[in-house]
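Here are my notes on this one, in the order I'd look at things. Have the viewer open while you read.

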Amino acid sequence: MAVGSRRRSAVFAGTTALPGVGGVKGLLDNNTITKLQVPDPITFIISEKWLNRPNLYPRQATLIKIIFLREDLFTQFDYDVVEEWTSNFTRTGKNGIQPDVLERMRWLKAQGYKWFREVLLVMGRRAGKGHVSALALAYILWNYMAKGDPQHFYGVDRDKKLALMGFAGKREQAKATVWQDLVNVITGSNCFAPYVNKSQAEKLTVFAPNDKVRIRKMMERGIFTDQDMATFEIVPKESTLMAGRGPTSFAQAYDEMAHVVATGANRSAEEVYCLDPLTKVLGSDLIWRPIQDLRVVDGVVSLDEYPSTPRWPRRF
């Protein structure tokens, strides 16, 4: 049956289609919250039951395991690749991966983290940056969905939407790059199929398992709506100072130099550079040491680059 602002019918048992919920078949069949399984990231990506993207290159799989701190999934091949990447970076300072990446993974894992909070994929054209990012973001989204009621779990308002935003220099660029890659991964999967609500030109919305409970409660109170009731929204954004304001964001993706465009930012893309591993920084113990010698738990001394008032001294 259809229930909405134009068809104010009684609520009957069975499959329900609502204008605000995209007619997702079976979503409202019962009042229980579906408990979602969360497999390991490699299984999630390649298995037909989940994303069904089996064309994952071995080194891409190594990178995915690193991002999600899954050393338990490492084979000897993965250790060999990490050794190659870290030794290259130590030797060249620009080609490879952070030399202490395994130590960082173990520390984060011990602290209860599930993935690195921030990942910079400095890779060449056609290296698969967008593809790997889309696979990783889809897994992160699934983890949030698996909370059942993510708003309650994270202590935000129960009707608040949770946004995943893809930024680029221009909105059209954002639509064509990592946002579109992620939309393709989600809409082409089997696991997300029952939860995808609306797939539009500039927005994809996805239900959380608890959304059906929220919708039923509204219907039982006689409230009918054409609003999109899905918790999660995936949107492309132009990288302006105000573009990211407003939504409660649980993940963001930046294409190329989207986060340092010249307009309104302190530094343009042309001014951004990578520090040499031998660049010295002042530690909290007031000893100068190369960046490459810093450990995850080390503190450093910093100061305001731009004082809030020109007459004030910079603050440490």
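1. Start with V297, which counts as exposed because its relative accessible area is 52%. Bear in mind throughout that this is a predicted model. V297 sits in the segment after strand 7 (288–290). Together with W107, Y113 and V296, V297 makes a nonpolar surface patch of about 350 Å².

2. Five strands form an open sheet in the order 2-3-4-1-5, and the pairing is mixed. Strand 2 (196–199) and strand 5 (248–254) are the edge strands; each has a single partner, so one side of each has no neighbour in the sheet. On average, neighbouring strands here are turned by 20° against each other, ignoring direction.

3. Within that sheet, have a look at strand 1 (residues 162–168) and strand 4 (residues 232–238), which pair in the parallel sense over 7 bridges.

4. Helix 8 (residues 178–187) lies across strands 1, 2, 3 (204–206), 4 and 5, and runs at about 160° to strand 4. Helix 9 (residues 211–220) has 8 of its 10 residues buried, so the rest of the structure largely encloses it. After helix 9 comes G222, with a positive phi near 80°.

5. Now the electrostatics. The whole structure has 14 salt bridges. One of them joins R171 and E202, with the closest N and O atoms 2.9 Å apart. R171 belongs to helix 7 (residues 171–176) and E202 to the loop between strand 2 and strand 3, so this pair ties together parts 31 residues apart in sequence. Both ends are partly exposed: R171 at 34% relative accessible area, E202 at 31%.

6. Which partners does K175 have? One is E172, at 3.6 Å from N to O; the two are 3 residues apart in helix 7, so about one helical turn separates them. K175 is buried at 18% relative accessible area, whereas E172 is exposed at 53%. The other salt bridge of K175 to look at goes to E202, at 3.5 Å from N to O. That link spans 27 residues, from helix 7 to the loop between strand 2 and strand 3. Through shared partners, R171, E172, K175 and E202 end up in one salt-bridge network.

Terms used:
Residues numbered from 1 in each chain as written. Predicted model: local features only at pLDDT ≥ 70, side-chain atom pairs only at ≥ 80, totals over all residues. Heavy atoms only, no water. Patch = residues over 30% accessible without salt bridge, like charges linked within 9 Å, V, L, I, M, F, W, Y side chains within 5 Å. Areas by Shrake-Rupley, 256 points an atom, 1.4 Å probe, with all protein chains shown as cover. Salt bridge = Lys/Arg side-chain N within 4 Å of Asp/Glu carboxyl O. Helix = DSSP H or I, 4+ residues; strand = E, 2+ residues; numbered from the N terminus. Buried < 20%, exposed > 50% of the residue type's maximum accessible area, 1.4 Å probe, protein only. Pairing = 2+ DSSP bridges. Axes fitted to C-alpha atoms, helices over the stretch in contact; angles between N-to-C directions. Contact = heavy atoms within 4.5 Å.
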